[in-house]
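Morning, everyone. I have one structure to show today, and two parts of it to talk through. Please have a look at it first.

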Amino acid sequence: MVAMWPCKGIDLDWSDWAFALRECLSPSPIQDVASRVERLWSSESDTLACLTVRSAFDLYLRAQRWEPGSEVVFSALTVPDMPRIARHHGFRAVPLDLDPGTAAWDEAALERCVGERTRALVLSHLFGGRVDLNPALAFARRRGIAVVEDCAEAYAGPDWTGHAQADLSLFSFGPIKTATALGGALARVRDPDTCARMKRIHAQDGVQPTGEYLRRVLLYGALKAASHPRALGIVMAAADALGADANQWIHSLTRNVPDESFIPIIRRRPCAALLGVLERRLAQGTAPVSRRVEPGRTLMAALGPDVEVPARTADPHGYWMFPVLTRNPDALSAALRERGFDAMSGRLAVVSDGNTPTPGAERLADALYISFDPDMPGEELERLGRLVRDFEADEKDRTD
C-alpha cells in the first residue's frame, strides 16, 4: 500500500484536539472568554470574535447604510460565499482581476472597476502570501471607498492583525486554516461607530450550539487520523477500488456552511467552547506559522523557477497552500498520486458580473494544489519538487 502525503493537513495537534473536546464538555462563560479572545487580538476594543469570516462580513454589511444597488468590488478569486453575501444585501459584486503570477491586483485594474456606486473594495491575500495594500488604500481614500482586507489565508500570528488603515480586517480559524480552532473568525474594525453598531447587532444574534461544535471536533479528529500518510494511502486506494472521488467526499464533509438556510446559519455567535479553543491557538503566538516557513522555502526551491507558483515572491509568506499553474492538472495529479503525493483543485471561485473579463483569476482558479505539510521530511519535499518540475518540463517539450 502506497503511503500518501495529504494535500492539506489539519493544523491541530492531538493536545489541541483533546483541549477542544474538554471545552465542549465544560465550557467557560461565553462573555468572559469572548472578551479575552478579543483582547488577545487587540487592546483597542475594535475587535469582534465571530462564527466565520462570512459571519463577520455579513455583520459589517448589516451595520452599513448603503443604498440598494451599491457596488462592492472583490478580488476576482475568492470564497464564493463572500459575493453571495453582498448580493443578499442588495449590492452588486464586481470582479477585480488578478495577476496569475503574483495573485495581486494593480491600480489600472482598480480604475476600471470602480464607479460612482462603488462603496467598498474586498481585497484578499491569497495562498499564504501578503500583498502590499498601501496603493489600494491610497486609491480608496481618494474616492471615499471602504477597504475590507480578507486575511483568511495569510494568518501570521497575533502580532499582525491586518493593515492599520484597512476599514475591516478579517481572519479565519476554520478547519483548514493555519492555527485552526475548527471554526471562528476575528474582525478588526477601524471606525469606532461602525464597530459599536456591529457589536450591538451581534449581541442580538443567537449562539452556535455546543453540540454542533462537538460534532465538528469529533469529525476533524477522525479526518486528522485519516490524513496520516499510511492511513490516507488506504483511504485513497479504497476510493479508487470503489470508483469514488475521495477528495470530493472529503470536501462534502468539510464545507463550513451548508447551502440551506445560509444566512440564519452564519448569523450566530460562536459558542464558548470554540472561543476557548481560539484563545488557546492565539496564545501559541507565531509558532503555527513559523513551523511552515522553512519547509515551505524548501519546497519552493525544489520546484525551481520554471514552475508557475502564484504568490511565489510574496513577502512575508506563510505557505498556507501550494498552488501550481500547470498545463495538464489532471495528468499531474495522477502522476503525483502514483508516487505518494495527494493533489486537488481549489475551493475558490471566480467572481463574475457578466461584463468584466477576468482572465487572470480564471487561470488561478485552475491551479492544482500539491501536497504540503510542515511535517514532511526535507527529502520528501525535494522529491515532490523534482516530480512537479520534471512533469512540467516534459509537458512543455510535448506541447511546444
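Start at Phe322. Its bridge partner in S14 is Ile370. Keep in mind that this is a predicted model.

That bridge brings us to the strand pair. S11 and S14, residues 368-370, pair in the antiparallel sense, over three bridges.

Now widen the view to the sheet. What is the strand order? It reads S11-S14-S12. The sheet is open, has three strands, and its pairing is antiparallel. S11, residues 322-324, and S12, residues 343-345, stand at the edges. Each has a single partner strand, so one side of each lacks a neighbour in the sheet.

Helix H13, residues 287-303, lies across S11 and S14. H13 runs at about 15° to S11.

Second part: a helix pair. Two packed helices are described by the angle between their axes and the distance between the axes. Take H3, residues 53-62, and H4, residues 81-88. Their axes come within 10 Å and cross at roughly 25°. Angles under 35 degrees count as roughly parallel, and therefore H3 is roughly parallel to H4. The crossing of H3 and H4 is right-handed.

Which residues make the contact? From H3, they are Val53, Arg54, Phe57, Asp58 and Leu61. From H4, they are Asp81, Met82, Ile85 and Ala86. By class, the contact of H3 with H4 has six nonpolar residues, three charged and no polar.

That's it from me.

Methods
Residues are numbered from 1 along each chain as its sequence is written. This is a predicted model: local features need pLDDT of at least 70, side-chain atom pairs count only at pLDDT 80 or more; totals for chains, interfaces and linings use all residues. Side-chain values use heavy atoms; hydrogens and water are left out. Axes are lines fitted to C-alpha atoms, for helices over the stretch in contact, and angles run from 0 to 180 degrees between N-to-C directions. Helices (H or I, at least four residues) and strands (E, at least two) are DSSP runs, numbered from the N terminus. Angles under 35 degrees count as roughly parallel, over 145 as roughly antiparallel, 65 to 115 as roughly perpendicular and the rest as oblique. A crossing is left-handed if the near helix is turned anticlockwise from the far one by less than a right angle, and right-handed if clockwise. Contact means heavy atoms within 4.5 Å. Ala, Val, Leu, Ile, Met, Phe, Trp, Tyr, Cys and Pro count as nonpolar, Asp, Glu, Lys and Arg as charged, and the others, Gly among them, as polar. Two strands pair if DSSP finds at least two bridges between them.
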